[in-house]
Number of protein chains: 2
Amino acid sequence: MISVVILGSGNVAYHLTKAFLNTENVIVKQLYARSVAQIQEFQHTTSITDDISLLATADVYILAISDNAISEVSSHLQNKFVVHTSGSVTMNSLQNSGRKGVFYPLQSFSKSKQVNFNTIPFCLEAETTKDYQLLERLAKTIGSKIFSINSLQRSKLHVAAVFVNNFVNHMYTIGNDICDTYDVPFEVLLPLIEETSAKISAISPKDAQTGPAKRNDTETISKHLEMLNESQKEVYKLITKSIQNGEKL
Amino acid sequence: MISVVILGSGNVAYHLTKAFLNTENVIVKQLYARSVAQIQEFQHTTSITDDISLLATADVYILAISDNAISEVSSHLQNKFVVHTSGSVTMNSLQNSGRKGVFYPLQSFSKSKQVNFNTIPFCLEAETTKDYQLLERLAKTIGSKIFSINSLQRSKLHVAAVFVNNFVNHMYTIGNDICDTYDVPFEVLLPLIEETSAKISAISPKDAQTGPAKRNDTETISKHLEMLNESQKEVYKLITKSIQNGEKL
Ligand SMILES: NC(=O)c1ccc[n+]([C@@H]2O[C@H](COP(=O)([O-])OP(=O)(O)OC[C@H]3O[C@@H](n4cnc5c(N)ncnc54)[C@H](OP(=O)(O)O)[C@@H]3O)[C@@H](O)[C@H]2O)c1
Ligand SMILES: NC(=O)c1ccc[n+]([C@@H]2O[C@H](COP(=O)([O-])OP(=O)(O)OC[C@H]3O[C@@H](n4cnc5c(N)ncnc54)[C@H](OP(=O)(O)O)[C@@H]3O)[C@@H](O)[C@H]2O)c1
């Protein structure tokens, strides 16, 4: 049995709390938030507090709060095993005097959207093997994909995630804009979008590449550029160049 | 019952042939390819030929050949109902004297990969309502998502597809490169990638956007830029700018 205290009331704190409350091998000893109103809904299932000096004793303290508050808030948690849930903050940003670790679920969360932790990778880090194993046991109570990722690797993963999530989503936005401009239903593209993302589970994205840039089909590229507005054109040109540079490597 | 002759031996010809051979309401009268060796495997199921002057009579002639060969090859098919399967060639590029149309399955095909036409959008075009309805009936024998898309719209759809397929895939490639450089398993990112593509069936990509560019989190953006090589940096900066310009609209 592992006992935890969860600090925060945002997207990640909410879903972790729900998940741990639903599992047998974890006790959620307490929830903490600056404003106790935010965690009121859990008042009948666990202890809640807004006083950080009155935290219950637990094996792990999970800081699921804004990146820029992690250092400050952790400094109030002396002599405890404190982990944060951030992809972009190093383990040593934690300012507690005790043990430190990271418990980072790599997925995008929002309160309104259900979460299945079983498909979400947990990126774990700790100072000692024993603490790593504790985090691993904790992650395994709700998830199945566990990775040991140190702070340097995690920061790189975070940049990579910007490309495969935010930037990919922006390509969808441009595709959607083009469809809207010419009165084509964007939904026509959804199966292609699904196929594109599904494909790379089987083959590397580099091998999966097709299209005018890869073929260096200059005629099609020129035709395409004529159809785009200035900012779309700039993106089209640069990504085409980047695909072609990649091919040369 | 609709009878068809399929011309070509590439990815699209292969999968269309297989699908039509498997359906009850279509007869594949004949297959044509420049080199008959390429369609040998169908010799026991239908008639095959490499002589374009000896084509059988059929309701529809489906030209599933390279874009740049469509005009020339169609000029040999006088007095017939000829359709091509291309996303980027106009209907009027067809040079037959008879009826013209387009039968464009919007998905990426390769011979080695199984295809489920039921999930693939068919973008159809014809000169008359009667011909459109014939193509619609034909598409419905193997598929369920049918869209009426004219040549102008189709050309826009094709550019949009470059963004949501080729450019998205390039973002995956950069993500993969970053992971390789820092010895992080790329598979950690696969659930996020799936989630990102699945999300936009429910909400518009513009509303789905998150991340440092959208938040204008300049500190994180600077940290990220420091971790990238020159060409990755150029892409990061431009897409970040493009996301932020989009926000202002
Ligand atoms: N959302 C995601 O997709 C995601 C995914 C993986 C990891 N993460 C990481 O998980 C952590 C939390 O993210 P989130 O999305 O859950 O954030 P969020 O929804 O914005 O919630 C942030 C939480 O931090 C609290 N907080 C902020 N400053 C505080 C302070 N000085 N003292 C105490 N509490 C403070 C907020 O409390 P108030 O309500 O009182 O302001 C709120 O409960 C971050 O490190 C984030 O990088 C997020
Ligand atoms: N692949 C896709 O993902 C996809 C998706 C949607 C639509 N399309 C469109 O479907 C069409 C076919 O694409 P594909 O991927 O199937 O192409 P492919 O695999 O490259 O095959 C091209 C076919 O065209 C034939 N061909 C080329 N020039 C010819 C000529 N002068 N005379 C007769 N045959 C000729 C080739 O014959 P040889 O083998 O003798 O060279 C080959 O059978 C194109 O218009 C393409 O834009 C493709």
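In the predicted model described here, the side chains of E125(A) and R154(A) meet in a salt bridge, with N and O 2.6 Å apart, a salt bridge being a side-chain nitrogen of Lys or Arg within 4 Å of a carboxyl oxygen of Asp or Glu. Because the model is predicted, local features require a pLDDT of at least 70 and side-chain atom pairs count only at pLDDT 80 or more, whereas totals for chains, interfaces and linings use all residues. Residues are numbered from 1 along each chain as its sequence is written, chains are lettered from A and ligands numbered from 1 in the order in which they are written, and side-chain values use heavy atoms, with hydrogens and water left out.

Chain A is divided into domain 1, covering 2–149, and domain 2, covering 154–247, with bounds that come from an automatic or database domain assignment. The contact between them, defined by heavy atoms within 4.5 Å, takes 13 residues from domain 1 of chain A and 4 residues from domain 2 of chain A. The C-alpha centres of the two domains of chain A lie 36 Å apart. About 630 Å² is buried between these domains, 60% of it given by carbon and sulfur atoms, where buried area is the accessible area (1.4 Å probe) that two parts lose on being put together, summed over both. On the side of domain 1 of chain A, the residues that lose the most area to domain 2 of chain A are G87(A), Y104(A) and I149(A), which together account for 50% of what that side buries.

Between domain 1 and domain 2 of chain A the count is 1 salt bridge, alongside 3 residue pairs in polar contact, both residues being at pLDDT 80 or more. A polar contact is a pair of N or O atoms within 3.5 Å; within protein, one must be able to donate a hydrogen and the other to accept it, and residues adjacent in sequence count only if both atoms are side-chain atoms.

The interface of chain B and chain A involves 77 residues from chain B and 78 residues from chain A, and the two chains bury about 7500 Å² between them, 71% of it on carbon and sulfur atoms. Across this interface 4 salt bridges are found, and K241(B) forms a salt bridge with E234(A), the closest N and O atoms being 3.2 Å apart. The count of residue pairs in polar contact between chain B and chain A is 25, with both residues at pLDDT 80 or more. On the side of chain B that touches chain A, the largest share, 25 residues, comes from α4(B), helices being DSSP runs (H or I, at least four residues) numbered from the N terminus.

Oxygen atoms of ligand 1 lie 3.2 Å from a backbone N or O atom of G10(A), 3.1 Å from a polar backbone atom of I65(A) and 2.8 Å from a backbone N or O atom of F109(A).

Around ligand 2 there are 21 residues, with S9(B), V12(B), R34(B), D67(B) and F109(B) coming nearest.

Methods
Near = heavy atom within 4 Å. Helix = DSSP H or I, 4+ residues; strand = E, 2+ residues; numbered from the N terminus.
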